[in-house]
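Please look over this note before we discuss the model.

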Amino acid sequence: MITSLPYISGTKTSGSKVDWSKNTGQGAGPELSPVDKNKDSWVDAGSTMASDNKKPSLKEDLTCSICYELFSDPVMLACMHHFCRACISTYWRGIRGTVSCPQCRHEFPDRQLQTNFLVSGMVEKVRASSGEGYQKNLQNQLKDSLESHCAKREEYLNMIRQDKEQVDTIKRVGAELQARVQAEFRALRELLQQEEQEVLGELRREQEELLERAERRLEQLRAAVREAEESVRVLQQAADAVETSVLLELPEVNFRPSLQVEKGAEFDVSAFAGRYSGPLQYITWRRMYRLLRPAPAALTFDPETAHPSLCLSRDKTSVVEASPSGRHYWEVGVAGNAKWDLGVALEAVDRRARAKLSPENGYWTLRLRDGGRYWAGTQPWTPLRVDPPPRAVGVFLDCEERLVSFYNAESMRLIYSFRHGPRGRAYPFFSTCVSERGQKPQPIKLLHFPKTPSEHLA
């Protein structure tokens with residue numbers, strides 16, 4: 001740091017350039033300004049001290065008080081005032097004996113001049129920054145940065161609006177689910193009041209968790225907007241400063257915001273809704289063994305549509321009716337089976353053709369492989385974590401809502417839901433899968449009433 005910078009030059013006045021040819025007296029140059037012995041201040045000849053306290057610019061500080069131009073080969077006197085080497089040499093020319101500083105009148109026994117390379121470098125930097133090309137480039141940088149931060153701010157504001165819509169959707173779906181839960185429990189009000197409150201409490205807790213996550217994201221976005229607005233303010237000030245003074249470099253702005261918020265974050269409202277869109281009365285009845293609607297359907301296998309590898313018993317030869325409308329639920333015993341597929345199939349599927357079991361081909365299924373690997377029959381397959389393994393699987397079909405859900409029939413814990421189920425007539429679908437040569441496939445049992453764990457093993 002150069003302590004002499006405040007003394008590099010005086011403030012340039014509006015008066016004309018001093019005529020140095022009017023040098024009078026021997027041993028001293030012309031007096032640029034009267035000197036107050038009690039103060040370290042001065043003014044140019046023919047002018048008075050400026051009344052305002054405007055801080056001189058860097059360009060003014062680097063201006064020679066003799067030629068009123070930027071320093072050329074700046075030198076520093078012992079009094080720490082700076083002048084162009086040529087200017088001070090010309091000023092002292094013809095003076096015999098002791099010379100003095102044109103500004104502070106300090107006298108020197110010799111004419112020693114010390115080149116100030118730091119000031120020289122600053123002069124070159126200012127001279128380079130004063131060029132039209134540099135100024136235009138600096139303005140373009142500021143403009144681009146300002147536009148970028150404004151665009152980022154608008155992007156965050158749009159994300160806030162989108163997330164607010166997500167919050168409204170969560171609230172709306174939550175309200176609809178609460179109404180649906182209340183309707184389901186109305187028929188069982190007297191006996192199941194406590195159960196209803198427990199389910200509603202769980203729903204509200206999940207809704208609050210979703211809303212809390214959404215509010216946290218909104219707060220992150222608001223903080224990011226505040227950061228972007230602060231950057232816009234600083235850049236705007238810098239852009240304004242370019243028009244009035246020299247700006248050597250861009251202000252310190254975090255061009256890569258410290259707060260990074262990913263856009264497009266989704267809240268799984270479908271999964272939230274799926275947990276409360278199933279047969280709530282039946283789920284409660286599994287715990288209470290009380291009244292129930294819809295009840296497990298007494299399904300039987302249809303030998304006309306059965307796979308050739310299925311061996312049907314005599315009491316399971318009735319026709320399984322298709323389900324064109326309404327809500328239906330049935331349970332399938334799968335204890336001891338290492339692999340199986342079950343779910344719902346459209347009436348129009350080709351039973352003779354081999355096809356991938358996926359909604360695109362008219363199948364909405366749950367599958368088990370290798371005795372412990374569960375998959376949802378999507379395209380591609382969706383791996384599922386099912387713990388504990390179900391001894392019986394409940395299948396719920398809501399034709400109006402196009403909902404197909406699978407439950408652990410013992411705990412009524414949701415395993416997976418298809419939100420875009422079949423349109424039109426659909427049948428229950430079962431498959432024991434093709435067994436290895438020499439192995440007999442394990443039977444799949446249709447259950448007509450709730451089974452205890454021991455009965456599932458029978």
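1. Basis. This is a predicted model, in which local features need pLDDT of at least 70, side-chain atom pairs count only at pLDDT 80 or more, and totals for chains, interfaces and linings use all residues. Residues are numbered from 1 along each chain as its sequence is written, and side-chain values use heavy atoms, with hydrogens and water left out.

2. Whole chain. The chain has eight helices and 15 strands. Helices (H or I, at least four residues) and strands (E, at least two) are DSSP runs, numbered from the N terminus. Of the 458 residues, 41% are buried, meaning under 20% relative accessible area with a 1.4 Å probe, protein chains only.

3. Contacts and surface. Among contacts (heavy atoms within 4.5 Å) with a separation of 6 or more, 64% join residues 24 or more positions apart.

4. Strand β8. This strand spans residues 363-369, and seven of its seven residues are buried. Y363, T365, R367 and R369 point one way. W364, L366 and L368 point the other way.

5. Pairing. Strands pair if DSSP finds at least two bridges between them. β8 pairs antiparallel with β7 (residues 340-346) over six bridges. It also pairs antiparallel with β9 (residues 373-376), over four bridges. R367 of β8 is the bridge partner of D341, and W375 in β9 is the bridge partner of R367.

6. Turn. The β8-β9 hairpin has three residues between its strands. There, D370 takes a positive phi near 60 degrees.

Notes
Buried means under 20% relative accessible area, exposed over 50%, partly exposed in between (1.4 Å probe, protein chains only).
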